[in-house]
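Please keep the sequence and the structure in view while reading.

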Amino acid sequence: MTSAPSRSVAVVTLGCARNEVDSEELAGRLASEGWTLVDDAADADVAVVNTCGFVEQAKKDSVDALLEANDLKDTGRTQAVVAVGCLAERYGNQLAEQLPEADAVLGFDSYQNMSSHLTAVLAGHKPEAHVPGDRRKLLPISPAKRQDGAAGLALPGHGAAPVTSQPADVEVASPVSTPRVIRARLDGRPWAPLKIASGCDRRCAFCAIPAFRGAFLSRRPSDVLTEARWLGEHDVKEVFLVSENSTSYGKDLGDLRLLDTMLPELVAVDGIERVRVSYLQPAEIRPDLLDVMANTPGIAPYFDISFQHASGPLLRTMRRFGDRESFLGLLDDVRRRVPNAGIRSNVIVGFPGESEKDLDELEQFLVAARLDVVGVFGYSDEDGTEAETYADKLPQDEIDARLEHFRTLNEELNLQRAEERIGERLEVLIEATESDDEDDPEAAVRHVGRAGQQGPDVDGMTYVEAPDGRELRVGDIVEVEVVATEGIDLVGELR
């Protein structure tokens, strides 16, 4: 009996850390089915592009990535390009019609059988493109009934469905009473995202995510802890808890305090030295959660709070809650518990009906808030959202002008906030080493990492100088004193 020929696949990930989790689950499934994982799409038989469908620019970047992967077919190595992820789920057959370069466009329901789909593509049998639908309708309206209703539902990043085998580098042996991990690491970073929930029940007027990601569904704590143990056994020092809304965690499991009780368990996992929580909704942040985050050693002093704006009336139009005064009060609550907290947020300008008074409220808030990093986005219509139907849209040139003003303002404010940290002592996770001259082994080096106050990828870095010649390794967590800044990046000396 002859063995099946070796097949190789590269998983290319765009978008957020939640997509990274989904990609690693896909990679784990494919590796368990005999596929060889490669880093570079140019070296793969199949390039699987995990797309982002959040906003217009993200969609464009995803399409560009698919076209670039398609160009690799000219080399004779890459034979097929497959689109998965949020853009594929959201637009499905429409994307397939407009982008014939993709050999398949597959939705979330295809993830469990991805190996079969890729095999069919290589054999010249193009699977039917995914037909989009509102995924909120796949779960009961009542959160209390969702866990039972989720049986058999495709939930990327939850690793719930079985795979056919258990290669040692993909899964870790677990007691019978706990779930298996379906995941393969696609990089050697000392941190990794860990999904605690999927979907969202909020109805923000500008956001399409709930329609294609579905209603909010928590992963059970046993699943999360098992995966954290697996990550700890695979050289991960920091886990980054991700979801569409972490402050809702546990509501469908009957206990909104589950995150409070799970955080100490996560930092106690062997190998895990730091746990970071992301995406907190200001209207749902509880004092008890703040207390746990502040008082549990190993929880990063990091608060990723989704404000979106600061004008109360405009936030109501956005179908959100809060205002400048309540948001500043929340920040006071955070800093009273964690004086050197790192706080990031996002805001939208140019939303339909946004007035000069609304802009003034937002500017006053940002000046007073002293946020470490703020992502500023200009409003754009998103298919199927409530705001798409609003009549009082602003001209694009006005949106662009407001976007430029607030990006410039926030750049100045974030630089000031970075400078305020000079003299602070922070704990930094070392992620890489840079040399002044890669060709000279005697050239000076400095280490690059992130303080607990800095989230992955978008919140700046900390450059660590070791004047005593101390050797640092990737994965070390060291204490530094901030001595300078480079933009929003920090420069620290070992202490």
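## Basis of the description

The model is predicted, and local features are given only where pLDDT is at least 70, side-chain atom pairs only at pLDDT 80 or more, while totals for chains, interfaces and linings use all residues. Residues are numbered from 1 along each chain as its sequence is written, and side-chain values use heavy atoms, with hydrogens and water left out.

Helices (H or I, at least four residues) and strands (E, at least two) are DSSP runs, numbered from the N terminus.

## Salt bridges

Arg29 counts as buried because its relative accessibility is 5%; buried means under 20% relative accessible area, exposed over 50%, and partly exposed in between (1.4 Å probe, protein chains only). Glu25 is likewise buried, with a relative accessible area of 5%.

Which parts of the chain does the salt bridge between Glu227 and Arg183 tie together? The two side chains meet at 2.6 Å, N to O. Glu227 lies in helix 7 (residues 221-233) and Arg183 in the loop between helix 5 (146-149) and strand 6 (191-195), so the pair ties together parts that are 44 residues apart in sequence. Glu227 and Arg183 are both buried. A further salt bridge, at 2.8 Å from N to O, is formed by Glu238 and Arg276. This pair links distant parts of the chain, with Glu238 in strand 9 (residues 238-242) and Arg276 in strand 10 (residues 274-277), 38 residues apart. Glu238 is buried, as its relative accessible area is 0%, and Arg276 is buried at 0% relative accessibility. Elsewhere, Arg370, Asp372, Arg417, Glu420, Arg421 and Glu424 are linked in a network of salt bridges.

In strand 3 (residues 46-51), six of the six residues are buried. Val46, Val48 and Asn50 lie on one side, and Ala47, Val49 and Thr51 on the other, so that both faces are covered.

Strand 3 pairs in the parallel sense with strand 1 (residues 7-13) over five bridges; pairing requires that DSSP finds at least two bridges between two strands. Ala10 has Ala47 of strand 3 as its bridge partner. Five bridges also join strand 3 to strand 4 (residues 80-84), and these strands run parallel. Here Val49 has Ala83 of strand 4 as its bridge partner. The chain passes from strand 3 through helix 2 (residues 56-71) to strand 4 in a right-handed β-α-β crossover, a term meaning that, with the strands pointing away from the viewer, the path from the first strand over the helix to the second runs clockwise.

An open sheet of three strands has the order 11-12-13, with parallel pairing. Strand 11 (302-304) and strand 13 (373-378) are the edge strands, each pairing on one side only. Strand 12 (residues 342-349) is joined to strand 13 by six bridges, and Ser345 has Val374 of strand 13 as its bridge partner.

Terms used. Salt bridge = Lys/Arg side-chain N within 4 Å of Asp/Glu carboxyl O.
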